There are 2 protein chains.
Amino acid sequence: MAPKYILHYFDLTALGEPIRYLLSYGNINWEDNRYSAAQWETIKSTMPYGQMPVLHIDDKIFAQSSAISRYLAKRVGLSGKDDLENLQIDQAVDLYHDFRQKISEWYYDPIPESKAAKEVLLKEQVPFYLNKFQQIVKENKGFLVNGKLTWADIYFVAPLKYFKDLYGRDFLEGYPLLQELVKKVESTPAIAKYIAKRPVGDRWRDPDFKYTLKYHF
Amino acid sequence: MAPKYILHYFDLTALGEPIRYLLSYGNINWEDNRYSAAQWETIKSTMPYGQMPVLHIDDKIFAQSSAISRYLAKRVGLSGKDDLENLQIDQAVDLYHDFRQKISEWYYDPIPESKAAKEVLLKEQVPFYLNKFQQIVKENKGFLVNGKLTWADIYFVAPLKYFKDLYGRDFLEGYPLLQELVKKVESTPAIAKYIAKRPVGDRWRDPDFKYTLKYHF
């Protein structure tokens, strides 16, 4: 029997979104539990490490966005063909974490002086990383690894809009190869179908918001 | 022919140290290039993503500490037995990154007001994570995953002293299962042999410091 997948995450397209893309890509039946910030406070202590995304696989429960994504990628055929290709994928995913963490740490910094100092750095860091990614995509024929779709591409694209929204502008302007990568991933039929159905993803701050979507493929 | 491994990293036991432990554990011949902070400034632009650790595998070059560690773990028999076990390993490694990042972000924060705010949080965060890890080790019979040595244990132990030094005290006091885990990893014969031979790891700030060690097993 196919395993039962239940995702717990905010109504956001951040670190839980690659998991949604991968489950969709694999035409897997899954439950998409979306929580508001207020509801999160009430369920936080029930989550294994006080964080989301969390994925139930049958009766087991797992945390950590990239760990879960790597596992699902293997289920849906988006892992590398060998260990060296998987190393390239993992390298790209961790480079993306370095990149998006710079943006999040700046955005969520509550102390104005500290935030201003980070903003100065960010103006160099964002183009630094985007140039690296553009170079990787150029060397890898339109994808992050070896000229074909892998979960590294999914992981790059799925939460990208969220990080652009935090940053406050479309930081992909001037990076045509990265813009094309976004189009390639989002026009993949099963992912396009999910995107057409998914909620807007902006109600997570609403205290009485919570719903479960069931995707049946 | 066996691949040729050359590691480039600071003379530190931080994010490059799990790679050194794994190469040692596998009795692999490797070169250990250790750089001072001043030398790093001169070679930074030659590194693929402006960061270390970096590992040459024959003529290919890879960055990202956990990506490289995951790859080497498979070479030396410290991966999981199946995909679910690998998911547990990856989950533990990423939880460790969350933990050590809290310490590093506090330690390296240059703005006193911001650092003080982080210090308040850190007093809750450090025991939060250590309690989680202690619980995981309890449930997994003395290791992080399924009662046997995996690369998650190596990744946890190898840089631990570095993060304790940043924090300024031995945060494992009161966590006997984690102390035992450190002993188990560090008394593994091939790792104990490496530890006995390795440099002190505190000269990386010295501007004219650079050497290459060759480990032949």
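This is a predicted model: local features need pLDDT of at least 70, side-chain atom pairs count only at pLDDT 80 or more; totals for chains, interfaces and linings use all residues.
A salt bridge, as the word is used on this tour, is a side-chain nitrogen of Lys or Arg within 4 Å of a carboxyl oxygen of Asp or Glu.

**Stop 1**

Begin by colouring chain A in two parts, with residues 5-77 and 194-214 as domain 1 and residues 83-187 as domain 2.

How many salt bridges are counted between domain 1 of chain A and domain 2 of chain A? The count is one. To look at a salt bridge in chain A, show the side chains of A:Arg70 and A:Asp90, whose closest N and O atoms are 3.1 Å apart. Widening the view to polar contacts, the rule finds four residue pairs across the interface of these two domains of chain A, with both partners at pLDDT 80 or more.

**Stop 1: backbone details**

Now turn to the backbone of chain A and select A:Met52 and A:Pro53, which are linked by a cis peptide bond with omega near 5 degrees. A:Pro53 sits in the loop between helix 2 (37-43) and strand 3 (54-57) of chain A. In chain B, select B:Met52 and B:Pro53, where the joining peptide bond is cis with omega about 5 degrees, and where B:Pro53 belongs to the loop between helix 2 (37-43) and strand 3 (54-57) of chain B. Then go to A:Gln64, in the loop between strand 4 (60-63) and helix 3 of chain A; the phi of A:Gln64 is near 85 degrees, a positive value in a residue other than glycine. As background to this stop, most residues other than glycine have a negative phi, and most peptide bonds are trans.

**Stop 2: where chain B meets chain A**

Show both chains and select the contact between them, to which chain B and chain A each bring 36 residues. The area buried between chain B and chain A is about 3200 Å², with 57% of it given by carbon and sulfur atoms. In chain B, highlight B:Tyr49, B:Leu87 and B:Gln91, which lose the most area to chain A and together represent 22% of what that side buries.

Six salt bridges are found across the interface of chain B and chain A. For a salt bridge between the chains, show A:Asp83 and B:Arg75, whose side chains meet with N to O at 2.9 Å. The interface of chain B and chain A also has 19 residue pairs in polar contact, both residues being at pLDDT 80 or more. Which helix of chain B gives the most to the side that touches chain A? Select helix 4 of chain B, which contributes 11 residues to that side. By class, the side of chain B that touches chain A has 16 nonpolar, eight polar and 12 charged residues.

**Stop 3: the symmetry**

Finally, superpose chain B on chain A, which takes a rotation of 180 degrees with 0.0 Å of shift along its axis and gives an RMSD of 0.0 Å. The two copies are thus related as by a two-fold rotation axis. To find where chain B comes nearest to the axis, select B:Ser114, whose C-alpha is 3.2 Å from it. Why do the copies meet through the same surface? They do so because 100% of the interface residues of chain B are also interface residues in chain A.

How values were computed
Residues are numbered from 1 along each chain as its sequence is written. Chains are lettered from A and ligands numbered from 1 in the order in which they are written. Side-chain values use heavy atoms; hydrogens and water are left out. Contact means heavy atoms within 4.5 Å. Buried area is the accessible area (1.4 Å probe) that two parts lose on being put together, summed over both. A polar contact is a pair of N or O atoms within 3.5 Å; within protein, one must be able to donate a hydrogen and the other to accept it, and residues adjacent in sequence count only if both atoms are side-chain atoms. Helices (H or I, at least four residues) and strands (E, at least two) are DSSP runs, numbered from the N terminus. Ala, Val, Leu, Ile, Met, Phe, Trp, Tyr, Cys and Pro count as nonpolar, Asp, Glu, Lys and Arg as charged, and the others, Gly among them, as polar. Copies are superposed by least squares on the C-alpha atoms of residues with pLDDT of at least 70 in both. Domain bounds come from an automatic or database domain assignment.
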